[in-house]
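This briefing sets out selected features of the structure shown below. Topics are grouped so that each may be checked against the coordinates.

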Amino acid sequence: MEARSMYRTPPDFSMKKEIPAAADLQLAHIAYDPVLECMTDGFVALDFQWRFIYVNQHAAHLIGATPALLIGKKFLDCFPEVSNTEFYKAYETAMQERVSMHIEEYFVPWKRWFEKYIYPTSDGIAIFFHDITERRTAEEKLRRSQIRLSETQRLANIGHWEWDPVTEKLICSQELCQIFGLEPIEHVGDLSSFLSNVHPEDRSRINDIRCNALHEKMPWEMEYRIIHQDGSTRYIHERGVVETGTEGKTTRLFGYAQDISSLRLAEQALSESEDLFRSVFEQAAVGITLTRLDGSYAMANHKFAELLGYTPEELCDLDFQSITHPDDLGPDMVQVNRLLNGQSKTYSMEKRYLHKNGSYVWNNLTVSLRRDKSGKPLHFIAVMEDITDKKQAERELIQQQQLTEFIIDSLPLNVFLKDENGRYLMINEEAARTAGISKAGAIGKSDFDIFPEETAKTILEDDRYALASNDHSLREVPIISHGKERIVLAGKRTVHLQNSPAMQLGFSIDITDRKQNELRIQYLATHDALTGLPNRNLLQDRLEHAISMAHRSQHMVAVLFFDIDRFKLINDSFGHKAGDEFLQIMASRLRQVTQSGDTAARLGGDEFVVLLEGISSNEEVVHTAEKILACLHEPLTLNQQELVVSVSIGISVYPNDHQNAETLLKDADIAMYHAKVGGGNNFRFYDSEMNTLAFQRLTTENRLRKALELDQVVLYFQPLVDLKTGQIKGMEVLMRWNDPANGLVGPDQFLSVAEETGLIVGLSNRVLQEACRQCRRWHDKGLTGLQLSVNLSAQQLGPYNLVRTVKEILIETGMPPSSLKLEITESELMDDVDRAKRTLHELSAMGVEIAIDDFGTGYSSLSYLKTLPIDTLKVDRSFVRDLATDEDDAAIVGATIGMAHHMGLKVVAEGVETPSQLDFLTGHQCDLGQGYYFSPPLPADAMESLLQSGRLFPMH
Ligand SMILES: Nc1nc2c(ncn2[C@@H]2O[C@@H]3COP(=O)(O)O[C@H]4[C@@H](O)[C@H](n5cnc6c(=O)[nH]c(N)nc65)O[C@@H]4COP(=O)(O)O[C@H]3[C@H]2O)c(=O)[nH]1
């Protein structure tokens with residue numbers, strides 16, 4: 001029984017175990033023991049020689065022999081194959097060391113497991129054994145099953161646990177320990193130590209769940225995080241069950257925990273990936289759509305919706321076909337079908353989408369087809385980029401190009417572009433027209449293909465010149481075109497565009513006509529249009545040139561400056577047209593009289609200059625001057641009238657006089673003035689004294705200006721006497737200059753300077769104003785019925801608005817217009833006939849009377865005078881002077897009086913000095929007389945006294 005109870009001890013897998021000394025059996029005398037024979041265990045005893053000395057029935061049965069046969073046989077003789085096994089070693093140990101052994105061993109001869117107790121005996125050893133093969137097989141199965149479970153748990157990252165509510169001990173499987181990052185030794189512990197691994201945020205929750213499950217006795221399931229010692233976080237899924245006893249009392253809690261970190265991390269990664277996709281999809285700067293195979297939109301991002309003016313939701317109710325421009329749908333569908341047929345993996349195209357507002361927007365579309373693993377098409381993924389701006393820019397570029405082409409084609413220039421081999425890349429319309437070729441036809445051709453060889457050679461040479469001229473040239477190229485010499489202006493530039501060979505851009509224009517015009521303009525700029533003679537500019541150039549030449553050659557240069565004596569009279573009398581004709585005759589005569597190498601120039605008006613170069617003496621100059629005088633003095637016919645004119649020539653000579661062109665001309669002009677003063681029709685050489693006279697004229701001008709400022713102008717009055725009654729009917733107002741230095745100066749001393757300088761206008765206006773004031777004063781003193789004749793200068797009829805001045809003066813002085821008579825000479829009237837006529841009519845309309853002064857000295861015809869509002873003719877005193885002696889003058893004066901009366905005009909005879917003149921005049925019914933016979937011009941107070949005396953002049 002003792003031994004049996006030993007069998008029931010828990011399995012011990014150790015190889016040997018000492019048996020208590022109580023088992024020290026004395027078996028040598030045992031012949032037959034009924035106890036041993038009844039045993040279900042085998043029993044054998046061996047002596048020190050390893051011979052069987054006892055074998056019970058069960059053992060003999062197992063060995064397969066009778067005990068009698070076995071007794072005395074040696075153990076190894078029966079089981080030679082065990083000599084080196086654990087069995088044998090254990091027997092040996094027990095035998096030799098006299099210790100008890102307990103072993104479990106696989107007994108090879110019988111192919112079964114045996115548990116053996118070996119005891120030393122006095123004879124040797126005794127061995128109890130029984131078959132444990134089934135137990136060992138079950139144990140092995142269990143062990144393998146546990147290994148499999150453990151391996152499975154390890155692979156699935158699952159560990160199990162069990163918690164005893166009584167002991168509050170927690171038992172964890174090795175896998176669970178691994179999951180929690182705990183040492184296997186830690187796998188038994190209490191719940192609180194386990195919780196310390198749990199993420200602090202999850203602790204209370206899982207504690208609540210477990211407590212609740214314990215309370216409710218319900219299974220639970222939960223997820224939580226734990227933190228490993230290395231700080232990493234793991235995700236745990238736990239299931240637990242509450243086990244209860246028969247009385248409903250909780251006996252234990254058990255369950256498993258699984259590390260689902262990889263699942264959670266994968267989910268997290270998936271979620272992040274989805275978020276990423278979402279944000280890429282939604283925040284993309286391009287439109288993205290997911291389109292079903294039928295074309296309807298499954299998804300559209302905001303950008304695409306924004307491009308088309310829809311919301312993404314609205315787009316999902318549409319398909320791409322309905323919002324594609326009709327012209328783009330066909331090509332789009334072709335590409336879609338290629339995708340579906342597997343002929344392409346992706347396609348791109350530019351297409352127009354219909355915007356919600358009805359307009360079309362250009363997009364660059366890239367589409368690919370998504371298929372499942374089996375290759376079945378799932379949907380299209382399309383990416384759209386708004387290229388409306390790009391398209392607009394393209395359109396604008398095209399328009400710009402068209403505009404540029406239009407402009408280039410509109411240019412009246414030949415414009416062209418050639419490649420590096422001189423072949424045309426482009427020509428404009430004008431170039432095509434010039435070359436007689438179409439624009440397209442010129443492309444690829446060279447000049448030798450288009451133009452005659454000579455012309456092409458010239459162009460080629462110019463092309464080369466342009467290339468050599470630092471890439472840019474502009475020059476005039478003479479060419480032969482249609483047998484005629486032409487001049488072409490050619491501009492060429494070498495153009496280096498990126499990544500292309502150098503090209504030549506150029507233009508050309510036929511400037512033959514322009515060149516001719518330039519020559520013509522140059523001619524006009526240097527010649528007088530009326531006579532064709534060189535003008536002042538050309539004369540100046542030639543004079544300067546002549547001076548520099550003379551300086552080198554030690555020769556002389558002479559300037560002969562002249563004008564026509566009394567030319568103004570010719571112009572006034574015959575009119576401007578005849579005046580021009582006259583000047584042309586003069587010019588042609590000058591050409592005849594001057595030698596080649598000399599210059600005959602017209603400076604303007606009737607002023608001419610002859611420039612003599614390369615002369616050696618004054619005699620040569622005199623000779624030419626005389627020739628000019630004689631030639632121009634020849635009679636000529638103008639307006640069918642024969643005329644004889646003379647000129648006055650002033651001469652300056654280089655180097656005798658001034659040294660430069662300008663002063664030489666001035667010197668000659670001064671000399672001419674002196675020649676004229678000397679009576680005309682002669683010439684004078686310049687001398688330095690002449691300059692003094694010119695200086696005097698300048699001084700006079702300045703002093704006159706001062707006189708006007710200082711009011712040094714005084715008025716004299718000369719009566720106009722009625723030749724019938726002897727009564728003073730009016731008076732002529734005559735100006736004097738009360739010069740502090742020279743006393744009273746008459747108009748003949750300063751009038752010409754005043755006329756030349758324009759001071760005459762101011763002087764005359766002053767006289768007019770003062771005369772009217774004086775008349776008013778006399779009127780106020782009772783001296784009424786007087787008419788004042790005031791002289792007008794031709795310049796007052798100019799742009800100075802004489803009418804307004806007269807009106808203002810009359811208003812200011814309160815003098816009746818009929819009391820004023822304005823005198824103007826015949827020649828002054830002719831300066832600007834139209835203006836004079838207009839002015840006189842306006843004055844007459846105001847009531848002012850008009851008299852023609854110095855009548856008979858000019859060339860005006862009576863028919864012309866008839867058109868003017870004239871009241872009075874004043875016969876010039878040169879006719880009156882010789883009335884008594886000169887029949888012609890008498891006839892002229894008589895006829896003039898008769899004719900004037902016939903025209904309803906009054907006649908005033910000037911310069912009446914003698915009774916015989918008076919007799920003639922009264923005899924011819926002349927209306928009024930003026931002259932020293934009656935009275936010289938008187939100052940105002942003397943005139944006033946005369947008037948107040950009421951004196952009548954005797955008429956016989
Ligand atoms: N030999 C001679 N001469 C006589 C006789 N009776 C008068 N005279 C002079 O003849 C000139 C007449 O004036 P005029 O023919 O209008 O010629 C005037 C007139 O054309 C001009 N003149 C005078 N005062 C003015 C004026 O205020 N304005 C303008 N624009 N010219 C004026 O100056 C010219 C000369 O004026 P005056 O020297 O004052 O010379 C005056 C006068 O003194 C005579 O019997 N014998």
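This is a predicted model: local features need pLDDT of at least 70, side-chain atom pairs count only at pLDDT 80 or more; totals for chains, interfaces and linings use all residues.

Helix α20, residues 512-526, has 15 residues and spans 21 Å from its first C-alpha to its last, close to the 21 Å expected at 1.5 Å a residue. α20 is hardly covered, the count of buried residues among its 15 residues being 0.

**Helix α28**

- Helix α28 comprises 12 residues, 802-813, and reaches 16 Å between its first and last C-alpha atoms, close to the 16 Å expected at 1.5 Å a residue.
- Leu802, Val806, Leu810 and Thr813 are the buried residues named in α28; they lie on the same side of the helix because they cover an arc of only 80° around the axis.
- An α-helix has 3.6 residues a turn, so residues three or four places apart point the same way.
- The buried residues of α28 pack against α27 and α30 (833-846).
- Arg804, Glu808, Ile811 and Glu812 are exposed and sit on the face of α28 turned away from its buried side.
- Glycine 814 follows α28 and has a positive phi, near 70°.

**Nonpolar cores**

- The largest nonpolar core contains 63 residues, and Val733, Ala771 and Val907 have the most contacts inside it.
- Helix α27 supplies the largest share of this core, 8 residues.
- Apart from this core lies another, of 46 residues, which includes Val557, Phe608, Ala625 and Ala675.
- Leaving aside neighbours within four places in sequence, valine 907 is in contact with Leu873, Val875, Thr896, Ile897, Ala900, Cys926 and Asp927.
- In soluble globular proteins, nonpolar side chains tend to be buried together.

**Shell around the ligand**

- Among the 22 residues around the ligand, Met735, Pro747, Asn791, Gly931 and Tyr932 come nearest.
- Two or more shell residues are given by each of β30 (728-739), α26 (747-757), α27 (759-780) and β34 (849-855).
- The largest share of the shell, 3 residues, comes from α26.
- By class, the shell holds 7 nonpolar, 8 polar and 7 charged residues.

**Serine 150**

- Serine 150 lies in helix α7, residues 133-156, and is partly exposed, with 14 other C-beta atoms within 10 Å.
- Not counting residues up to four places away in sequence, serine 150 touches Gln174 and Glu175.
- Serine 150 and glutamate 175 are 25 residues apart along the chain, and their C-alpha atoms are separated by 7.2 Å.

**Backbone features in loops**

- Most residues other than glycine have a negative phi, and most peptide bonds are trans.
- The peptide bond from tyrosine 654 to proline 655 is cis, with omega near 10°; proline 655 belongs to the loop between β27 (647-654) and α24 (661-677).
- Aspartate 711, a residue other than glycine, has a positive phi near 60° and is found in the loop between α25 (688-709) and β29 (713-722).
- Aspartate 711 is classed as exposed because 10 other C-beta atoms lie within 10 Å, whereas the cut-off for exposed is 12 or fewer.
- Glutamine 925 likewise has a positive phi, near 55°, and its place is in the loop between α34 (915-923) and β37 (928-929).
- Glutamine 925 counts as partly exposed because it has 13 C-beta neighbours inside 10 Å.

Technical notes:
Residues are numbered from 1 along each chain as its sequence is written. A residue is near a molecule or strand if its C-beta atom, placed from the backbone, lies within 6 Å of it. Helices (H or I, at least four residues) and strands (E, at least two) are DSSP runs, numbered from the N terminus. Ala, Val, Leu, Ile, Met, Phe, Trp, Tyr, Cys and Pro count as nonpolar, Asp, Glu, Lys and Arg as charged, and the others, Gly among them, as polar. The expected span of a helix is 1.5 Å times one less than its number of residues. A residue is buried if 20 or more other C-beta atoms lie within 10 Å of its own, exposed if 12 or fewer, and partly exposed in between; C-beta atoms are placed from the backbone. The arc is that of the directions from the helix axis to the C-beta atoms. Two residues are in contact if their C-beta atoms, placed from the backbone, lie within 7 Å. A nonpolar core is a set of buried Ala, Val, Leu, Ile, Met, Phe, Trp, Tyr and Cys residues joined through C-beta atoms within 7 Å.
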